[in-house]
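Dear colleague,

I am handing over the structure below, and my notes on it follow. Please read them with the model open beside you.

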Amino acid sequence: MGGVCGVTVPRLFLRNREDCLAHPAGFHGPGSAVSAAGRHPRLRPTSEAGPRPSHGEGRHGNGPVDLYSRAAGQPLARFMGGERDRVPVGVSVGIQPSIEQMVQTVLAFRDQGYPRIKIKIMPGRDLEVARAVREAIPGVPLQVDANSAYTLESALIFKQMDDLDLLLIEQPLGEDDLVDHSKLAPQLLTPLCLDESIHSLDHARWALELGACRIINIKPGRVSGLYEASRIHDYCFEQVVPVWCGGMLETGIGRAANVALATLPGFTLPGDISASDRYYEEDVTNEAFVLNSDGTLSVPNGPGLGVTVKNSALERFTLNEESFRVT
Ligand SMILES: [Mg+2]
């Protein structure tokens, strides 16, 4: 690869934030122009040159990381320093109309082979739902995600969840409520995990220094890409804080990036990196991620992301195109 590499990247019409993060090119944001900075000196984060843009404003994303690791002839996971061939995964189950339906949905995913279950909760659909699911799948790793739906006044609900042997409680309070999280966390035996509150390494450091959480969910799509994600991982690894990889409806390309990230040694909890058929009838990659019998996804071993674009599908889904030049 020469000093300048021209790439043309089809751009989908982005209907909302999650669509944006599911961009088929895996473009998650400006910081993600670089993966694993410090591991590869050519990859410099554009976010260091100015203010951090919000979700989806990036111009580079993870695409160049794919190019660089392809140029190096290495799978992205190896390029980033990961060593695993498979990564443990779980499934995230949204709010269901009834407790019975939640239990049935969870049992169906368990029967598909997902070894870890996450259920979404919200006020009015929390403790009873979690209790019913726990009774339905005793011994199966289970966690709940509140998506910032509560305030500190609801502390009792989370204290009562201490009886459910949960892996963690994810983001119970507001995105900006680090201080209140730090007041809630010591009241619970179950570890608190932060998701929406963590947009950068600084946020991770502040949260841990405040005692606002004991676990962090790292989503490349939320933290501007693989570069910042790997920095957060490295910091947490040094602090012996477990991390896991969250998902934001990525297509096969973004999913490949998440799988590569999850090969880093600090990702000791199963990620929300479900098989391709969890969200898409038809993906934009030729290769599908399939759940292995041991509850893992295999890490692609080809150069770069290790997946190839299914052009016929991409052409049908593409509404507009933009060209980028990587120097
Ligand atoms: Mg979450």
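A nonpolar core is taken here as a set of buried Ala, Val, Leu, Ile, Met, Phe, Trp, Tyr and Cys residues joined through C-beta atoms within 7 Å, where buried means that 20 or more other C-beta atoms, placed from the backbone, lie within 10 Å of a residue's own, exposed means 12 or fewer, and partly exposed is in between. This is a predicted model, in which local features need pLDDT of at least 70 and side-chain atom pairs count only at pLDDT 80 or more, while totals for chains, interfaces and linings use all residues. Residues are numbered from 1 along each chain as its sequence is written.

The largest nonpolar core has 72 residues, and those with the most contacts inside it are Ile119, Cys213, Ile216 and Ala260. Helix H10 gives the most to this core, with six residues; helices (H or I, at least four residues) and strands (E, at least two) are DSSP runs, numbered from the N terminus. Because domain 1 (5-81 + 310-326) and domain 2 (86-298) both give residues to the core, it lies between them, the domain bounds coming from an automatic or database assignment.

Isoleucine 216 is in contact (C-beta atoms, placed from the backbone, within 7 Å) with residues including Cys193, Leu194, Ile232 and Val243, leaving aside neighbours within four places in sequence.

Seven strands form an open, parallel sheet in the order S3-S4-S5-S6-S7-S8-S9, where pairing requires that DSSP finds at least two bridges between two strands. The edge strands, each pairing on one side only, are S3 (91-93) and S9 (243-245).

Best regards

Technical notes:
Contact = placed C-beta atoms within 7 Å.
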